[in-house]
2 protein chains.
Amino acid sequence: MPTVSSEELAAAAGVNSAKLRKDFSYLGSYGTRGVGYDVEYLVYQISRELGLTQDWPVVIVGIGNLGAALANYGGFASRGFRVAALIDADPAMAGKPVAGIPVQHTDDLERIIQDNGVSIGVIATPAGAAQQVCDRLVAAGVTSILNFAPTVLNVPEGVDVRKVDLSIELQILAFHEQRKAGEEAAADGALPAAGSAAARKASADQGPDGAAPAVMPA
Amino acid sequence: MPTVSSEELAAAAGVNSAKLRKDFSYLGSYGTRGVGYDVEYLVYQISRELGLTQDWPVVIVGIGNLGAALANYGGFASRGFRVAALIDADPAMAGKPVAGIPVQHTDDLERIIQDNGVSIGVIATPAGAAQQVCDRLVAAGVTSILNFAPTVLNVPEGVDVRKVDLSIELQILAFHEQRKAGEEAAADGALPAAGSAAARKASADQGPDGAAPAVMPA
DNA sequence: CCATCTTTGTGCACGCGTTCACAAAGACAT
DNA sequence: ATGTCTTTGTGAACGCGTGCACAAAGATGG
């Protein structure tokens, strides 16, 4: 039986082994003392807990460059997602296949949602259309929305929204870049490093920031 | 002189006013007691601190659907970013304009970086090419990388990498969706809610998660 | 069957960020 | 000029996640 110890996993993932064991313990922890965790069983448990064993039909609304990129993105299928439909407001797009899936017109949005039992929607429309699309998705029964449009969406209680702002990630990089430049200048004895307290707060690891600033200008 | 109080800003942003004031205090205190913050000056200070007043030339490598979407994305310009060049490995793409910018071939990558003084690179290539592109970018002088390819990049000390995995956001939504379904079932008296402890830890607000799980299967 | 060794599961303490609460500061009216 | 009122800036307390350290559990060998 192939097994892994928390120590091995922690080293591979670059995290603390105690944290990892404690996280696993929340799932009901099925490790064997003196041996470790049964790999196959562990993968199954985590997959089940994260919802990877289910099939999640999703619709993508707004088939521009970004929508097309998402439709073509291979990572979805392996994570339990299935692109059930592509929807666009442009009649010229209707019927045209993108990533092997024919684009359908916004008029049929409600029917498509209900026919496919879709509960997760992706909005890749221009900012101006996002709220309207969102309202229709929610009215049709969607309860989770991934929003790529640069707008904060208003949704009723019980609906989850996650906003992905592609430029925020770049902005964080630029902030660190500026800090690097500032520190070089300070090392040259030229200037005191501006905002050193705020700079210290920024973490340096890959991935989304844990502590985002409270306010950011539009 | 138009002003805002920390209370107003906090209400608008949905955060605690004390935290907001403390954050501002790290930038140096520019508020007036009894009045609030001078809007114009505050915007300028924050913009400067975040690096929005500078012009950041960036290159996008890999002009597929995603790369094209990024090139067309309007949000960059208003945040101080300028797309200095588009680079792709496909010779057929060379010279073809995307978002009004002619695509250049990977062979010229080093020259393009140096000619434009680029320090921020965006990787939108397939996973297989990402590390190689990354190495060349770093060797040419890039010190910040935004990675859309589903790979963890290896970079030397001093280089920042931020990884954007589009399917992780969907996965988080699916997790919440599953939790909703599980709670309904539990309310019906059918099943105990699986993983309730882990579920409780998940926050419900828009935006990237602060506390990401330590390990996630590939 | 017992001793030893490995690894889990977790109580506890530490550190950090958030929130509370209030004194100090400044505007504004009288 | 003086008092009142608003809002800032911040010291202190609180809460929470993380890491340490160790006892309990089980495997393994003699």
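## Contacts with DNA strand D

In this predicted model, an N or O atom in the side chain of Arg33(B) is 2.9 Å from a sugar or linking oxygen of DNA strand D. This is a polar contact, a pair of N or O atoms within 3.5 Å (within protein, one atom must be able to donate a hydrogen and the other to accept it, and residues adjacent in sequence count only if both atoms are side-chain atoms). Phosphate oxygens of the strand are also reached. A polar side-chain atom of Asn16(A) lies 3.1 Å from one. For Gly31(B), a backbone N or O atom lies 3.2 Å from a phosphate oxygen.

Several elements shape this surface. Those giving two or more residues are α2 (17-26) of chain A, and α2 (17-26), β2 (31-32) and β3 (36-38) of chain B. α2(A) gives the most, with four residues. Helices (H or I, at least four residues) and strands (E, at least two) are DSSP runs, numbered from the N terminus.

## The surface around the strand

DNA strand D is surrounded by 21 residues. The closest are Lys22(A), Arg33(A), Ser6(B), Ser29(B) and Tyr37(B). A residue is near the strand if one of its heavy atoms lies within 4 Å of it.

By class, the surface has five nonpolar, nine polar and seven charged residues. Here Ala, Val, Leu, Ile, Met, Phe, Trp, Tyr, Cys and Pro count as nonpolar; Asp, Glu, Lys and Arg count as charged; the others, Gly among them, count as polar.

## Cavities

The whole structure holds three cavities of 30 Å³ or more. On a 1 Å grid over the protein atoms alone, a cavity is a set of points where a 1.4 Å probe fits but cannot get out, and lining residues have an atom within 4 Å of a point. Points are joined across faces, edges and corners, and the volume is the space filled by probe spheres set on them.

Residues lining the largest cavity include Phe24(A), Leu27(A), Tyr37(A), Asp38(A) and Tyr41(A). β2 (37-38) and α3 (39-50) of chain A each give two or more residues to this lining. α3(A) gives the most, with three. The lining has six nonpolar, three polar and one charged residues.

## The sheet in chain B

Seven strands of chain B form an open sheet in the order β6-β7-β5-β4-β8-β9-β10, with mixed pairing. β6 and β10 (160-163) stand at the edges with a single partner strand each, so one side of each is left without a neighbour in the sheet. Two strands pair if DSSP finds at least two bridges between them. β6(B) and β7(B) pair in the antiparallel sense over two bridges. In one of these strands, β7(B), Pro102(B) is the bridge partner of Pro97(B).

Most residues other than glycine have a negative phi. Ala99(A) has a positive phi of about 55 degrees. Ala99(A) sits in the loop between β5 (97-98) and β6 (101-105) of chain A. Ala99(B) also has a positive phi, near 55 degrees. Its loop runs between β6 (97-98) and β7 (101-105) of chain B.

## Conventions

Residues are numbered from 1 along each chain as its sequence is written, chains are lettered from A and ligands numbered from 1 in the order in which they are written. Local features in this predicted model need pLDDT of at least 70, side-chain atom pairs count only at pLDDT 80 or more, and totals for chains, interfaces and linings use all residues, while side-chain values use heavy atoms, with hydrogens and water left out.

Note on methods:
1 Å grid on protein atoms, 1.4 Å probe; cavity = no way out; pocket = protein on both sides within 12 Å on 5 of 7 lines; lining within 4 Å.
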